[in-house]
There are 2 protein chains.
Amino acid sequence: MDYEFQYLNKQSDFYVKELTVIWCVKEFADREMFPFFKEMDENPAYHKDGKVFVHEQVKTMMYKGGEMGLISAPFDYEMGGLQIPLMTQTAAYYILDAANNHLPGYPALTQGAAELIIHFGNEALKETYVGHMLSGVWGGTMCLTEPQAGSSLSDIVTKATPADDGSYNISGQKIFISGGDNNFTENVVHLVLARIEGAPKGTKGISLFVVPKNRPTADGGLEWNDVTTVADFQKLGQRGYCTTHLGFGDKEDCKGWLVGEPHKGLHYMFLMMNAARIAVGRGASAIASAAYYASLAYANERPQGRKLSADGKKNPDEQQSLIIEHPDVRRMLLMQKSVVEGSMSLVLLAAKYYDLIETAESAEEKEKYHLLLEMIIPIVKTYPSEAGLQAVNNGLQTLGGYGFCADYILQQYLRDIRISSIYEGTTGIQSQDLLGRKVPMNNGKALELLTGEIMKTLTAASQIQSLQPYAKTLGDKLKLTEKVLGHLMPFAMQGNYERFLADASVFMEYLSLVLIGWTWLDLGVNATKSKENGGSYSPDFYDSKLHTMKYFYTYELPKTSGLAEILLNTENITIKKENEPIV
Amino acid sequence: MDYEFQYLNKQSDFYVKELTVIWCVKEFADREMFPFFKEMDENPAYHKDGKVFVHEQVKTMMYKGGEMGLISAPFDYEMGGLQIPLMTQTAAYYILDAANNHLPGYPALTQGAAELIIHFGNEALKETYVGHMLSGVWGGTMCLTEPQAGSSLSDIVTKATPADDGSYNISGQKIFISGGDNNFTENVVHLVLARIEGAPKGTKGISLFVVPKNRPTADGGLEWNDVTTVADFQKLGQRGYCTTHLGFGDKEDCKGWLVGEPHKGLHYMFLMMNAARIAVGRGASAIASAAYYASLAYANERPQGRKLSADGKKNPDEQQSLIIEHPDVRRMLLMQKSVVEGSMSLVLLAAKYYDLIETAESAEEKEKYHLLLEMIIPIVKTYPSEAGLQAVNNGLQTLGGYGFCADYILQQYLRDIRISSIYEGTTGIQSQDLLGRKVPMNNGKALELLTGEIMKTLTAASQIQSLQPYAKTLGDKLKLTEKVLGHLMPFAMQGNYERFLADASVFMEYLSLVLIGWTWLDLGVNATKSKENGGSYSPDFYDSKLHTMKYFYTYELPKTSGLAEILLNTENITIKKENEPIV
């Protein structure tokens, strides 16, 4: 079996390169990932005698994936990469996630860990670690969470004490470490947040360290670095993707190497966070996408019930309808499609902004795409996770009783996607970020730029007669958004941040719908033009896009009316008052 | 261990009786059910060598439960029952469901099967079966679904051929049979829908049969009745509650006995359906209730993060807050409480109507409560199932990463409750029933009666100053409902039933919120009065009820605005047109 994309190089034509990557990934996903999806769920990763045992396809994913270039692709040619943009990488990983979401985390975290070393580590660290990681022979992880410090990273207590040789002695516990150990890769390289003794309290005293499970010895070998897998977490979903509890320095012999400058660890980590959050949104969209196609296939095959005739009755002599003929089933399918494709568009847009920051030719342009990316990131992470869960839930419902059964795959997608609204900052945290940081960012500049982009789409849509009603609706929602913010912002100006952010999660749901309304209008403009100009897909393809856009504007976007009403409330229902009875 | 309630009898005082039942059930649930809840999930019921093996507590549930009177309690004294009303039974089973929802189905289905025999069976059937079933020595099931006939019962093909001895030879397959077999009860008595040879097509040709797994012999023993457990269904949740695929008459030696008259089987079954649908709503409320208390306990213990100060920042020197202090967590808890208690109120109201039909002293009164019950039944089944799932989802989210872990119980509640919107008619089916049958029932009389009941609460609330704004809001929603129906009903009048019912599920969500708004206003009236009059609970108890009512009116009821906007759409988005591209 050969996947051609490792033969690509600097000389390869850009489009050949991009398409080859996507083609190879699709082949790999079909052959090596999807066939093992169900059995990885049924035989979860497990912890025994201090070791974590994972499914054999983890080895294939890391070794063959590494060989193909799945880990190295986004890096510079000098590092052995292909310099593919994040958009291509996102499209590629979307396919991997849809095929088997228990696997892509292993190479993706390895890539993320390598990226931190490449960006912020010194030459020695790069030389020692990066090559082995990009080839998939060594894995990588991110170690942030501790038992007492989940969403609140300022409370991290893992300790780093300077040693004589320039390294640090590390001691502490980390939990919820994805891909934290496995029985296949030679080594696992942990990127660990810890406090150097005497560091300032809070987020300003956290540093970043490379802490390998096995440390390189002078003779080129490896020796154990006192990193213990204390336990694993058995989970609702993503059961083939191991989640571990790690102990560092139980025997006082765990060495770590500082990445970059002291006390800047959280800053470095958060520079990677946008990509990590795009990845979560991508994964959730991909799972919801796979669930959509699974339920669509079922609906196209399953006969049940009959059409109502003009007297409101059914004729038992008539043949049963396929369930896809029933409006309620079509509603559930269209809901899924509108969520899945709306999410995917937003995720890819974020990746595009990410790439445009890299390729910007002026400081203003860089700043513009930076602000646009920052503005949409919390939604890019949250909407696919939250609406995606509801979409998969509709997918399961489409199968009726079979949807609840383990023999069918929908129940697994439902369990797998549920983590997305927790990973990398919960929906609550994302919502605080959206309303509390992003909306007021640079005096509202980020929101202003985003509104400008939406206005461009509105203008384009207004020039197409069939889209004018939708453009008008979206325009009205922008005005409603102004009204909502006009109600909320004064709380912040009065210093009442608790009240300002109390309904942040409702605002998240509200603004997400507006943004996805925008992506659908944009899809509508493109579908209309492509159909007129004889685009490369069939007319049905474009019609289906336009129909799904109409579904979104008829069934999803109107929910903003109720949400705005909630946001405009003048109560303080969720703010705890003195002596208030516990809810 | 003794549960006193088997010592109750006809002479017992009514309130002593009711309270004793509840007290005994609570004791039983604490001792015999909740401690086994997690292990029943982790060691699901399974099928091996044609037998189904279930957890040992199924034996306790059936035998001890039977001895206590859990199965017989609602029946007449003459049948060995206690004549407890459905309200008491509902409250009792609510406790059982909340403690361990994998168990109550065994006695509940046995009770339902016995009830069918008692109401419609001849004396011989009653004598042979009922005693053993009420004592829990024999189980019982309802066999409706077949592989090709799920929601569409008119397509049932299981065959009944008259035999010379007055019995029928049964042959066919039934799937999704809850409690269909177990390794403890001596026998399982199946109530089976089948067609007598030559019966009319569709729902008018279905008859009901008693088909025991083992049939009584002349000498008082039992012999196998050619009922085979072909397989079981492994499921997302309720894994301790076995779901089976049964084969009848594979060896052409399966006997069934007709219940009541031929071709009236579906009619008999649907006379039990209201109670069954109340039971599903009850079970969903109970699961959501248990999940609410589990997440509330966690929120009261888990420190994480800090309150925002007036500069919008957090001080790391400050102690961490308990998460229950954070508005977003309080929002999630209040949402749960409002759904759980709103649902429970509606479920108990349905049980009350059910009882009032029985005790009505005039035909008009009987008719009134019958129509009220019919009107609310689809919502009683659906709202606790759908909103309950979202409530449990918020419960899981409250625990962050721990919520996703198998060591915590929230993920189990999430999996368990998911069946509720499928059981006994999916949400789609319930919604068609609500809009297509109940709203137009008796020329709108049922809806008119319900509106009258709501108006009574509005009048009572209007007399309490603090409740006037809520009464006004609910009044406005009644007007909005008229507007929505004014838009939808003409489709039915034009004979366009497909369009009329296309958005039935959206209407279900809409009307559910209005109805739960009503139950909360009613709770508000009662809490205000009880607090003023020094009711038997603490002032905090009543304040918390009033606060949750306010939460519902501020955060849940406003969603009806968006839903009404959706319902008022003039499109035909979900109706399949000729040659329309497949979604």
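Predicted model: local features only at pLDDT ≥ 70, side-chain atom pairs only at ≥ 80, totals over all residues.
Across the boundary, 21 residues of domain 1 of chain A are in contact with 28 residues of domain 2 of chain A. Contact means that the C-beta atoms of two residues, placed from the backbone, lie within 7 Å.

Colour the domain 1 side by helix. In chain A, α2 (37-42), α4 (86-99), α5 (105-120) and α7 (265-271) each supply at least two residues of the side of domain 1 that touches domain 2. The largest share of that side, seven residues, comes from α4(A). By class, the side divides into 11 nonpolar, six polar and four charged residues. Nonpolar covers Ala, Val, Leu, Ile, Met, Phe, Trp, Tyr, Cys and Pro; charged covers Asp, Glu, Lys and Arg; the others, Gly among them, are polar.

A note on conventions. Residues are numbered from 1 along each chain as its sequence is written, while chains are lettered from A and ligands numbered from 1 in the order in which they are written. Local features need pLDDT of at least 70, side-chain atom pairs count only at pLDDT 80 or more, and totals for chains, interfaces and linings use all residues.

**Zoom out to chain A**

Show the cartoon. Chain A has 18 helices and 12 strands. These are DSSP runs numbered from the N terminus: helices are H or I with at least four residues, strands are E with at least two. The radius of gyration of chain A is 25 Å, close to the 25 Å that the globule rule gives for 583 residues, so chain A is as compact as a globular protein of that length. That radius is taken over C-alpha atoms, and the rule is 2.2 Å times the number of residues to the power 0.38. Along the principal axes, the C-alpha atoms of chain A fill a box of roughly 85 × 60 × 55 Å.

Now colour by burial. Buried residues make up 57% of the 583 residues in chain A. A residue is buried if 20 or more other C-beta atoms lie within 10 Å of its own, exposed if 12 or fewer, and partly exposed in between, with C-beta atoms placed from the backbone.

**Bring in chain B**

Chain A can be laid on chain B with an RMSD of 0.0 Å by a turn of 180 degrees and a shift of 0.0 Å along the axis. That is the relation of a two-fold axis. The superposition is by least squares on the C-alpha atoms of residues with pLDDT of at least 70 in both copies. Select A:G562. Of the residues of chain A, A:G562 comes closest to the rotation axis, at 2.3 Å (C-alpha). The same surface serves both copies, as 100% of the contact residues of chain A recur in chain B.

Select the interface. Here 75 residues of chain A are in contact with 76 residues of chain B. Helices of chain A that each supply at least two residues include α9 (327-359), α16 (504-532) and α18 (559-567). The chain A side has 28 nonpolar, 28 polar and 19 charged residues.

Stay on α18(A). Seven of its nine residues are buried, among them A:G562, A:L563 and A:I566. The buried residues of α18(A) pack against α14 (468-493) and α16 of chain A, together with α16 (539-556) and α17 (559-567) of chain B.

B:D328 is buried, with 23 other C-beta atoms within 10 Å. Leaving out residues up to four places away in sequence, B:D328 touches A:G428, A:A504 and A:S505.

**Into the core**

A nonpolar core is a set of buried Ala, Val, Leu, Ile, Met, Phe, Trp, Tyr and Cys residues joined through C-beta atoms within 7 Å. The largest has 372 residues, of which A:F209, A:A350, B:F209 and B:A350 touch the most other members. Helix α7 (residues 265-299) of chain B gives the most to this core, with 17 residues. Centre on A:A350. Its contacts include A:I278, A:L373 and A:V380.

Select A:E424. A:E424 has a positive phi of about 55 degrees although it is not a glycine. Look for A:E424 in the loop between α11 (410-417) and α12 of chain A. A:E424 is partly exposed, with 19 C-beta neighbours inside 10 Å. Phi of B:E424 is also positive, near 55 degrees.
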